[in-house]
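Subject: Structure handover

Hello,

Here is the structure I promised. Please open it first, then read my notes below.

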Amino acid sequence: MKTLRDVRIGESARVVKVHGQGNIRRRVMDMGITKNVEIFVRKVAPLGDPIEVNLRGYELSLRKDDAEIIEVS
Amino acid sequence: MSITIAVAGNPNSGKTTLFNALTGSNQYVGNWPGVTVEKKEGILIGHPKVVLVDLPGIYSLSTSSLEEELARDYLLESNPDAIINIVDGTNLERNLYLTTQLAELGIPMVLAVNMMDEVEKSGAKIDGAALGNAFGVPVVEISALRETQIDELARIATLAAQKKGHFLPLHRFSGGVEHALGHIEEVALHQQPEHKQRWYAVKLFERNELVEAELSLSAELKAHIEQDIRQCELEYDDDSDSIIAAERYDFIEEVLEKVTVRKKAGEMSPSDRIDRIVTNRCLALPIFAVVMFVVYYVSVNTVGAGMTEWTNDKLFGQILLPAISGALADWGVAGWLQGLLVDGILAGVGSVLSFLPQMVVLFLFLGLLEFSGYMARVAFIMDRMFRKFGLSGKSFIPMLIGSGCSVPAIMAARTIENEHDRRMTVITTSFIPCGAKLPVIAMIAGAFFGGKGWVAFGAYFLGIAAVVISGIILKKTPLFQGEAAPFVMELPAYRWPSLKNIFVTTWDRVSSFVKKASTIILLAAIVIWFVTYFGWVDGDFQMLASGQIDQSIVAAIGNAIAWIFKPLGWGEWRPVVAALSGLVAKETVVSSFGIFYGFGEVAEGGQEIWSSLRAAFSPLSATSFLIFVLLSAPCIATISSIRREMNSAAWTSFAIGYMTSIGYSVALMVYQLGTWLQSGAFSAWTGIALALLGLMLWLLFRPSPKAVGSLKQANAGVRG
């Protein structure tokens, strides 16, 4: 399963499904990471984590561990 | 008849600016009951009977954070007459997600599309009327910053609220979902008021346990509803909660398609260009260091310290105190009353006020960092370093300021969104040696270690180690358990901050500190004054002359509890009372020793008393004393700001108790294990010290109960 964590910096991916449970899954979807949305991975923080992505016209940062619950194609 | 209007919107949508523009200075800042989240209320300008309630900035009503829970509970339980929903016109897609949820609450709503000036500048267009039609609500296009159309918004919102009516949401989900929702309404919700049915139906469809419990549905009914949900999930090949989230966004996309002309995609905005440099992989840390240095240097070192010194020494020391003492003496006021007013109250109030200049400067900076959008980048840059200790990346700023003074540092913790992180920061910040602890460090270093720099270095290292260790230990305790709030954070576009906003926020924060903290400090100052200046001379209870502190109540207390500090190597009343006097302000520890050893006034490092100290302490017991003073309960001003920020007596006592037990345990371990290593004599206390060390290591390295749980959860989620 390819997840958002595997997407390289400067590349885009389309969301297939949000896995996980509880608050993190809820929050990820509330922030607009839903089925079929296109996410562009912009950069990684200077210490190697978290990452910054662009979707729905705004910038979002999330940790790599949390990016693993987002299945992309 | 009074009217209540709630102001709701995403963080960074300009909600604070709008609230300030709508209410002017008629604001009351408090806390939501029982939590550390700020609550603001105000009177709408030009409408004296309209109360505005500023809800916390939220992205959704789904209660995945404390702020969402507060906002949701307020909207559902307090039944405001209307909602002003402010949305960022430059970022409508995500902002309108909350709008779709708010609309389902059945409360009349006005949509305020903010930052219209920026929208126009970027070349985009929004058809406000069409947007309003899509949601069935009035739309006002505003700029909160430039205060355009604010009066119009106030007028329309008041009008909507005066109707005291209900609102039925217009937006619809796709056929299969609507079918399920309709069925749920029919079987489970027909006894609920019509305007609330949709909200409940959606929540039941999402399998929200809170709502299931609230409605106390029978097991039979639940199973029936579950069937509807399952069928719909099969049809859409997705989970019910993601179907709802996705369909909300689909609806918004569809609406925006019709009502907006977007700017060309792929073009970089000025904000993107700034961010390319500011959070660049190589440049981010140097830029961060420079920004932090400037904040620290100006607020702690130059302006802050200079003005604090001026308030302390000049304003209070040379102008107010002599003038007031003189006046009191002239009027023939009784000696004890003079003492209470001058040494007790004035000195106590002075200790609060002397922090104010530093605090004002710091809060101006914090406002600048927050409103410009840089604060979110601080969290982005520092997250990796801090999250292991249960802290937020934003904890960096309180820790840094804490090396100057813990009082403004603890208040700076308010910029941290997550309540766990905020509490952890408040508890651990005063481990960092503040400016007032430096004289104590200098005294011990000078008297026992030849004034070597490594003592001070060791003190900072100890402070940082205490923060890190406490973070790891506390994170695993039940107090900080429960599901961690996720770190999924918006990085808002950089903006020029509005000066008015920064000033209003600074004023709110500083004045609320003065109000709350001064009462505690006043009371404490009076108590401390009383126990220091009163005592028994030859069996008579009386007010003491200066230099008689060894006969005071505090000395009696010190004597009574000196045995507690025996295992730390300094179980005699003088060091015990000196350590206690550190509650007033940490530098008082030095002057207390001065008085005890008969020197009266001493220099900052206490050079005069070094030889007396060397007679009373061994280097080892002096180290243990220093450790205790550095780590245990902070001064009373800090305690009162902890009280202010925690908004809970229980959490404050926990914080103070925790610090004191850490200070005591570490001092005990150092003294006892040191004695053992030096002399080879193993006593019962050595055993206790080893046991304490073992306990601490266990607390530090035991697996976190939470980590195990959430891993299982995550795996289950992936399999499902």
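Two strands pair if DSSP finds at least two bridges between them. Helices (H or I, at least four residues) and strands (E, at least two) are DSSP runs, numbered from the N terminus.

Some housekeeping. This is a predicted model: local features need pLDDT of at least 70, side-chain atom pairs count only at pLDDT 80 or more, and totals for chains, interfaces and linings use all residues. Residues are numbered from 1 along each chain as its sequence is written, while chains are lettered from A and ligands numbered from 1 in the order in which they are written.

**Where the chains meet**

Start with the pairing across the chains. E4(A) and strand E10 (residues 488–490) of chain B run antiparallel, joined by 3 bridges. Opposite A:Leu60 stands B:Glu490 in E10(B).

The contact takes 34 residues from chain A and 36 residues from chain B. Two residues are in contact if their C-beta atoms, placed from the backbone, lie within 7 Å. On the side of chain A that touches chain B, helix H1 (22–30) and strand E4 (58–62) of chain A each supply at least two residues. H1(A) gives the most, with 8 residues. By class, that side of chain A has 13 nonpolar, 10 polar and 11 charged residues. Here Ala, Val, Leu, Ile, Met, Phe, Trp, Tyr, Cys and Pro count as nonpolar, Asp, Glu, Lys and Arg as charged, and the others, Gly among them, as polar.

E4(A) and E10(B) belong to an open sheet of 6 strands. Its order is E5(A)-E1(A)-E2(A)-E3(A)-E4(A)-E10(B), and the pairing is antiparallel. Strand E5 (70–72) of chain A and E10 of chain B stand at the edges, each with a single partner strand, so one side of each is left without a neighbour in the sheet. From one strand to the next, the twist averages 40°. Axes are lines fitted to C-alpha atoms, for helices over the stretch in contact, and angles run from 0 to 180 degrees between N-to-C directions.

Within chain A, strand E1 (residues 12–18) and strand E2 (residues 38–44) run antiparallel, with 3 bridges between them. The bridge partner of A:Arg14 in E2(A) is A:Glu38.

**Helix H1 of chain A**

H1(A) lies across E1 and E5 of chain A together with E10 of chain B. It runs at about 130° to E1(A). H1(A) is mostly covered, with 7 of its 9 residues buried. A residue is buried if 20 or more other C-beta atoms lie within 10 Å of its own, exposed if 12 or fewer, and partly exposed in between; C-beta atoms are placed from the backbone. Among the buried residues of H1(A) are A:Ile24, A:Arg26 and A:Met29. In chain A, the buried residues of H1(A) pack against E1, helix H2 (64–67) and E5. In chain B, they pack against helix H3 (92–103), helix H11 (240–259) and E10. Just after H1(A), A:Gly32 takes a positive phi of about 100°.

**Chain B**

Chain B has 31 helices and 12 strands. Buried residues make up 47% of its 720 residues. Its C-alpha atoms fill a box of roughly 90 × 60 × 55 Å, taken along the principal axes.

In chain B, 7 strands form an open sheet with mixed pairing, in the order E2-E3-E4-E1-E5-E6-E8. Strand E2 (27–31) and strand E8 (139–141) of chain B are the edge strands, each pairing on one side only. Neighbouring strands of this sheet are turned by 25° against each other on average, direction ignored.

Which residues of strand E1 of chain B does this enclose, and how many? Of the 7 residues of strand E1 (residues 3–9) of chain B, 5 are buried, so it is largely enclosed by the rest of the structure. E1(B) runs parallel to strand E4 (residues 50–54) of chain B, joined by 5 bridges. In E4(B), B:Val51 is the bridge partner of B:Thr4. E1(B) also pairs in the parallel sense with strand E5 (residues 82–88) of chain B, over 5 bridges. There, B:Ala8 has B:Asn85 in E5(B) as its bridge partner.

B:Gly30 has B:Lys39 in E3(B) as its bridge partner. Helix H5 (residues 128–135) of chain B lies across E6 and E8 of chain B, running at about 150° to E8(B).

Best wishes
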